[in-house]
Amino acid sequence: MLNESLEQRKNNLKKNTVQAKTNYFENKIKNSSNIQKTVWSIINSEVGEENSKVVKNISLRNETNTGTLTDPKLISEAFNDYFVNIVEDVTGSNSTTLSADITVNNNDKAIQDCIKREFNFRFVDAKEVEKVINSLKNKNSLGHDDIPVKVIKISKHYLSKVLSHLINSSFVSGIFPKQLKKSKVISIHKKSDNKTKSNYRPISILPIISKIYEKIVSNQFTNYLEENRIFNNIQHGFRPGKSVITAAVSFIESIIESVDKGEYTTGIFMDLSKAFDSVSHPILIQKLQTMGVSKNAIKWFQSYLNGRCQFVEITHVTHDNYVKKILETNY
């Protein structure tokens with residue numbers, strides 16, 4: 001009887017432990033700001049494949065000969081050249097110069113019929129800027145100005161009024177500040193051989209102030225598109241209340257409906273390489289004009305897109321275990 005009692009307690013403890021662990025993971029995923037990243041983090045921790053926090057020096061295979069690049073400065077320059085030219089190598093054209101000589105199609109005409117009013121930037125006040133600052137995620141990544149999100153949030157009461165004035169001035173002049181166009185790029189190894197440049201993914205980090213400008217413009221323009229019903233009903237990305245989850249649910253429901261009707265179902269999945277980077281700026285501007293964006297707002301978007309620069313930063317450990325940042329400084 002004693003053995004049975006101990007065995008029962010052991011089973012109950014195991015069951016309760018599993019349930020507690022399940023609840024913990026469910027809450028962690030539910031409250032996460034990045035569900036996919038959190039899910040993979042949990043999976044990797046469970047199978048013992050968590051990323052090591054130990055900083056390791058990067059070395060790259062020199063494509064001009066059989067040697068290997070180990071000088072951190074040369075590696076940073078190699079990454080910068082690769083990331084700058086990759087879009088042109090993939091598409092055969094430069095996104096900033098690709099011709100916008102395209103005809104207005106039926107979809108463009110349908111959009112123009114939906115437009116009730118012209119899009120113009122609306123002036124913002126300190127309260128709205130403060131709300132946007134509060135919505136920023138608490139990330140530790142720093143732009144070229146080395147100002148963290150926490151500092152902006154702590155000083156939001158002092159900054160919001162000044163920022164609202166600067167943002168409104170930007171809207172009036174149609175000019176996006178030059179210093180906010182500078183991006184710091186971090187190279188993240190994503191697959192296979194870690195000595196090959198193409199196996200690294202660039203993570204572009206902009207100044208936090210730039211993100212505040214972007215968020216305000218995004219909110220205003222998204223509201224305009226929603227009000228005029230310019231979004232397609234089947235678009236789930238970058239829309240409030242819709243996500244990859246709602247897209248998956250819609251997709252599965254359409255398959256079930258087709259099966260119930262006895263129809264054949266075929267799915268075509270496309271993964272476009274450098275999709276955002278290869279968007280033609282001239283064609284994008286033309287599309288904005290089609291959507292009823294005013295001339296002054298078009299001027300602002302052009303200023304936002306043009307004259308951008310970047311530099312690559314890598315972490316290097318010296319022989320005496322000193323960790324330092326190496327920059328490619330040719331913006």
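## A positive surface patch

Patches are made of residues with over 30% relative accessible area and no salt bridge, with like charges joined within 9 Å. In this predicted model, Lys37, Lys137, Lys139 and Lys215 form such a patch, positive in charge, on the surface.

Take Lys139, one of the four lysines in that patch. Lys139 sits in the loop that runs between α5 (126–135) and α6 (149–154). Its relative accessible area is 47%, so Lys139 is partly exposed.

## Positive phi in two loops

The loop between α5 and α6 also holds Asp146. Asp146 is not a glycine, yet its phi is positive, at about 60°. Asp146 counts as exposed because its relative accessibility is 51%, and the cut-off for exposed is over 50%.

A positive phi also occurs at Arg229, again not a glycine, with a value of about 55°. Arg229 belongs to the loop between α8 and α9 (244–260). With a relative accessible area of 72%, Arg229 is exposed.

Helix α8 spans residues 208–227 and contains Gln220. Is Gln220 buried or exposed? Its relative accessibility is 7%, so Gln220 counts as buried; the cut-off for buried is under 20%.

Which backbone atom lies 2.8 Å from a polar atom of the Gln220 side chain? It is the backbone oxygen of Arg122. This pair falls within the 3.5 Å limit for a polar contact.

Conventions:
Residues numbered from 1 in each chain as written. Predicted model: local features only at pLDDT ≥ 70, side-chain atom pairs only at ≥ 80, totals over all residues. Heavy atoms only, no water. Patch = residues over 30% accessible without salt bridge, like charges linked within 9 Å, V, L, I, M, F, W, Y side chains within 5 Å. Areas by Shrake-Rupley, 256 points an atom, 1.4 Å probe, with all protein chains shown as cover. Salt bridge = Lys/Arg side-chain N within 4 Å of Asp/Glu carboxyl O. Lys, Arg positive; Asp, Glu negative; His and termini not counted. Charge placed at Lys NZ, Arg CZ, Asp CG, Glu CD. Helix = DSSP H or I, 4+ residues; strand = E, 2+ residues; numbered from the N terminus. Buried < 20%, exposed > 50% of the residue type's maximum accessible area, 1.4 Å probe, protein only. Polar contact = N/O pair within 3.5 Å; in protein donor to acceptor, adjacent residues only side chain to side chain.
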